[in-house]
Amino acid sequence: MSKLFSITEEPISIEQTVSLVSSRNAGAINTFIGTVREFTKGKRTLYLEYQAYAAMAEAKLAEIGQEINQKWPETKTAITHRVGKLDIEDIAVVIAVSSPHRGDSYEASRYAIERIKEIVPIWKKEHWEDGEEWIGNQLETKSYRKGTPSEEDLI
Amino acid sequence: MNKILFFAALQEKAGKESIELDVSGKSVKQVKEFVAQEYGLAKINESMTAINEEFAASDDVIQENDVIAFIPPVSGG
């Protein structure tokens with residue numbers, strides 16, 4: 001797992017992702033850890049299933065890294081996203097950004113997670129006590145179930 | 001020949017991860033219409049399309065051996 005931008009079926013090592021961006025020029029490393037939440041708008045998730053178009057997803061993660069380099073020069077970014085079955089509290093994604101000064105790494109880290117939700121071909125399927133559903137967009141307000149979204153989905 | 005990949009809800013609906021079809025010379029829009037009808041995948045209209053792992057426009061034309069993927073709205077992170 002030494003690639004800067006990777007999709008993995010294994011549990012993610014935060015330390016390994018962080019070590020990929022470690023640099024003598026860095027004065028800060030910002031880490032974002034995305035985890036599996038149990039309750040979304042009152043509804044209990046049992047577990048999640050993530051699927052990716054792995055080759056394209058890794059290319060798009062690398063593209064986000066390039067965007068970050070243009071916006072915040074001298075930063076270094078690494079992103080690891082897990083796929084497969086994930087339990088509550090499991091780590092789904094780790095983003096690490098190093099930069100000479102702390103401000104850039106904070107901003108770039110936030111930028112990376114928002115871009116992941118826009119352009120990277122990764123999907124999650126929610127498994128609840130009473131059903132399952134592929135989630136349709138990053139706002140978690142749209143789904144693919146037949147008919148209209150439930151009241152709860154629209155909140 | 002072209003390989004067409006399905007993911008997430010589209011994959012479940014289609015009942016398979018991919019199909020092989022010769023669609024070279026057709027536009028992305030035409031392929032979408034054909035696949036939507038042939039496999040009952042109305043939701044394909046909400047999907048983006050990738051050709052050889054890069055997002056494509058609806059009037060882009062498929063070439064021989066291109067790999068096409070239908071990308072439903074993403075939900076990673």
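Reader: Where is the place of Asp59(B)?
Author: Asp59(B) is in the loop between E4 and E5 of chain B, strands (E) being DSSP runs of at least two residues, numbered from the N terminus. This is a predicted model, in which local features need pLDDT of at least 70, side-chain atom pairs count only at pLDDT 80 or more, and totals for chains, interfaces and linings use all residues. Residues are numbered from 1 along each chain as its sequence is written, chains are lettered from A and ligands numbered from 1 in the order in which they are written, and side-chain values use heavy atoms, with hydrogens and water left out.

Reader: Why is Asp59(B) called exposed?
Author: Its relative accessible area is 60%. Exposed means over 50%, buried under 20% and partly exposed in between, with a 1.4 Å probe and protein chains only, so Asp59(B) counts as exposed.

Reader: What makes E3(B) and E5(B) a pair?
Author: Four bridges join the two strands, which run antiparallel. Pairing requires that DSSP finds at least two bridges, so E3(B) and E5(B) qualify. Ala50(B) stands opposite Ala69(B) in E5(B).

Reader: How do you know that E3(B) and E4(B) pair?
Author: They are antiparallel and joined by three bridges, and at least two are needed, so they pair. Thr49(B) has Ala56(B) in E4(B) as its bridge partner. The hairpin of these strands has two residues between them, and Asn52(B) takes a positive phi near 50 degrees there.

Reader: In which sense do E1(B) and E5(B) pair?
Author: E1 (residues 2-5) and E5 (residues 67-71) of chain B pair in the parallel sense over three bridges. Lys3(B) stands opposite Val67(B) in E5(B).

Reader: What makes E2 and E4 of chain B edge strands?
Author: The open sheet has five strands in the order E2-E1-E5-E3-E4 (chain B), with mixed pairing. E2 (18-21) and E4 (54-56) each have a single partner strand, so one side of each is left without a neighbour in the sheet. The twist averages 30 degrees from one strand to the next.

Reader: What span is expected of helix H2 of chain A?
Author: Helices (H or I) are DSSP runs of at least four residues, and H2(A), residues 54-71, has 18. The expected span is 1.5 Å times one less than the number of residues, here 26 Å, and H2(A) reaches 26 Å from its first C-alpha to its last. Among its buried residues are Met56(A), Leu61(A) and Ile68(A).

Reader: Which strands of chain B does H2(A) lie across?
Author: H2(A) lies across E3 (48-51), E4 and E5 of chain B, at about 95 degrees to E4(B). Axes are lines fitted to C-alpha atoms, for helices over the stretch in contact, and angles run from 0 to 180 degrees between N-to-C directions; contact means heavy atoms within 4.5 Å.
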